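Me: I would like to learn how to read a protein model. Please take me through one, feature by feature.

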Amino acid sequence: MPDEKDSEFKRSGRLFAAVAVLRLLADPRGSLPGPEAFTGKDSPAQRIDDLKSDPYDALLEAHKRGGEHAKAATAVFRSIPDFLERGLIPSKNIGDRLLADFATGYEAQLAKYREDHKGVLD
């Protein structure tokens, strides 16, 4: 869940983490985005779209894997609306300061998912 004080860019980074984690839970051959995901000047909406992951399809695939993957995917899937509750994801391009905010949100949400679902995301 995003912090009420999160900027729209930090919140976007958290949503990016949710979609990336769902994609990973669906496909064990995948990986989480690394530092290259936090370069350039495109928009948060474009970054999320570039993951090429449909959350519903990812949830179904994770459920096929069963066990802890299915449980984690359900929790992550349910968290997605929380990131959109305070508004849409920015479609404007971001510079270095806002990109850092986006990356901070991503890392914070990823840490939360790792803590909540120990061993599943490693």
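Reply: Buried means under 20% relative accessible area, exposed means over 50%, and partly exposed lies in between, with a 1.4 Å probe and protein chains only. Note that this is a predicted model, in which local features need pLDDT of at least 70 and side-chain atom pairs count only at pLDDT 80 or more, while totals for chains, interfaces and linings use all residues. Residues are numbered from 1 along each chain as its sequence is written, and side-chain values use heavy atoms, with hydrogens and water left out.

Me: How many helices and strands does the protein chain have?
Reply: Helices (H or I, at least four residues) and strands (E, at least two) are DSSP runs, numbered from the N terminus. The protein chain has 5 helices and 0 strands, in the order α-α-α-α-α from the N terminus on.

Me: What span does α1 reach, and what is expected?
Reply: The expected span of a helix is 1.5 Å times one less than its number of residues. With 19 residues, α1 reaches 27 Å from its first C-alpha to its last, close to the expected 27 Å. Of those 19 residues, 16 are buried, so α1 is mostly covered.

Me: How is a pair of aromatic rings described?
Reply: Rings of Phe, Tyr and Trp (its six-membered ring) pair if their centres lie within 6.5 Å; planes under 30 degrees apart count as stacked, over 60 as edge-to-face and the rest as tilted. By this rule there are 2 aromatic pairs. For Phe16 and Phe102 the ring centres are 5.3 Å apart and the planes stand at 55°, so this pair is tilted. It links distant parts of the chain, since Phe16 is in helix α1 (residues 8–26) and Phe102 in helix α5 (residues 96–116), 86 residues apart. Phe102 is buried, with a relative accessible area of 0%. Ring pairs link Phe16, Phe102 and Tyr106 into a cluster.

Me: Which residue lies over the face of Phe102?
Reply: A charge sits over a ring if NZ of Lys or CZ of Arg is within 6 Å of the ring centre and within 35 degrees of the ring normal. Here Arg47 lies over the face of Phe102, at 5.6 Å from the ring centre.

Me: How many salt bridges does a search of the whole structure find?
Reply: Side chains of opposite charge can pair when their charged atoms come close. A salt bridge is a side-chain nitrogen of Lys or Arg within 4 Å of a carboxyl oxygen of Asp or Glu. The search finds 5. One of them joins Asp116 and Lys112, at 2.5 Å from N to O. These two are 4 residues apart in helix α5, so about one helical turn separates them. Asp116 is partly exposed at 41%, and Lys112 is partly exposed at 33%. Elsewhere, shared partners join Asp6, Lys10 and Arg14 into one network. Asp6 meets Lys10 with the closest N and O atoms 3.8 Å apart, and Asp6 meets Arg14 at 2.7 Å. Asp6 is buried at 5%, as is Arg14 at 10%.

Me: Is Glu115 buried or exposed?
Reply: Glu115, in helix α5, has 56% relative accessibility and therefore counts as exposed.
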